[in-house]
Amino acid sequence: MSAHILMTDPAHYAVSYRINPWMRPDAWSSDAGGLTAKARIGSAALAAALERLGARISWAPAAEGLPDLVFPANAAVVLDGKAVLARFRKPERRGEEPLFAAAFERLRAAGDIAEVETLPEGCFHEGAGDAIWDARRGQLWTGFGPRSTKAAGERIAAAFGVAATALELATERFYHLDTCFCPLPGGEVLYYPPAFTEPALKAIRARVAPADLIEATDEDAARFCVNAVGIGRDIVMASAAPDLERRLSERGYRVTEIDLSPFILSGGAAFCMTLRLDHESRPANAQQETTHEHRNADALA
């Protein structure tokens, strides 16, 4: 199955407030026109790179006054055709909730999503930014602390009936799990250790073999290269340091770099700007076997 990815039109993207340490409204206002144009170019380049890798892109519309709508990874967790919509902790982002709900209803009507669920009010969870599917291990990794709660992560895992490992984030600087943790398609995990508490690091190291752990440097984290999208042996990320590209290449990955600097001014990059809609909790062959079993049972009934 090819990747199906949701992105948002960046027409109204800007950095107009500060709800994480990366956000720089001053830098944005100093060159708003130039950065707006550069953001549109970066978003289009990201979409084109993903399409070259075989992904299908669906677009959500922009909305004036909601600049972070451009980060749909925070909109929901999607697995097995079900979407569980986010509840944002920060008031500045709560206006996104009805717009993303409408976008998912359109996806459901088109047959791209089978089911849409909503978390209760006050149950803070910010989508795939804090619930990352690890296909190789067949589990979710759920981040909690700055934005999402641990209990909400448990509720997300229960909604999908899958295992999850909760990881506490140690700093507001890495406010979502996707800023510091990236399971790669081959089974490795690219992560930034200083972003995690000691219990979280122990949980990661208990579940991921040492040979599969790739430690991001301070520079890698600052460039938002951990906030990457993996499709097969290809990884799409913000402009990377040569050393990280070399380390990934040695493991058989091809790296595509996109200039996403306008989005980094808001604390986001490639993963934040995308939301996978096609993740399945079982391998394709297992799904086919189940379908075959159901058909046989139907024939015998």
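Reader: By class, what does the lining of the second largest cavity have?
Author: In this predicted model, local features need pLDDT of at least 70 and side-chain atom pairs count only at pLDDT 80 or more, while totals for chains, interfaces and linings use all residues. Residues are numbered from 1 along each chain as its sequence is written, and side-chain values use heavy atoms, leaving out hydrogens and water. Ala, Val, Leu, Ile, Met, Phe, Trp, Tyr, Cys and Pro count as nonpolar, Asp, Glu, Lys and Arg as charged, and the others, Gly among them, as polar. On this basis, the lining has 8 nonpolar, 2 polar and 1 charged residues.

Reader: How much space lies in the second largest cavity?
Author: A cavity is a set of points on a 1 Å grid over the protein atoms alone where a 1.4 Å probe fits but cannot get out, and lining residues have an atom within 4 Å of a point. Grid points are joined across faces, edges and corners, and the volume is the space filled by probe spheres set on the points. The lining here includes D9, H12, Y13 and L66. The space amounts to about 30 Å³.

Reader: Which residues lie closest to the centre of the largest cavity?
Author: The whole structure has 2 cavities of 30 Å³ or more, and the largest holds about 70 Å³ of space. Of its 14 lining residues, the closest to the centre are N20, F71, R93, Y175 and S266.

Reader: How are the rings of Y13 and F71 arranged, stacked or edge-to-face?
Author: Rings of Phe, Tyr and Trp (its six-membered ring) pair if their centres lie within 6.5 Å; planes under 30 degrees apart are stacked, over 60 edge-to-face, and the rest tilted. Y13, in the loop between β1 and α1, and F71, in the loop between β2 and β3, are 58 residues apart. Their centres are 6.1 Å apart and their planes make 80°, so by the definition the pair is edge-to-face.

Reader: In what order do the strands of the open sheet lie?
Author: Strands (E, at least two residues) and helices (H or I, at least four) are DSSP runs, numbered from the N terminus, and two strands pair if DSSP finds at least two bridges between them. β6 and β7 pair in the antiparallel sense over 4 bridges, with D134 opposite Q139 in β7. β6 and β8 are the edge strands, each pairing on one side only. The order is β6-β7-β8.

Conventions
On a 1 Å grid over the protein atoms alone, a cavity is a set of points where a 1.4 Å probe fits but cannot get out, and a pocket is an open set with protein on both sides within 12 Å along at least five of seven lines; lining residues have an atom within 4 Å of a point.
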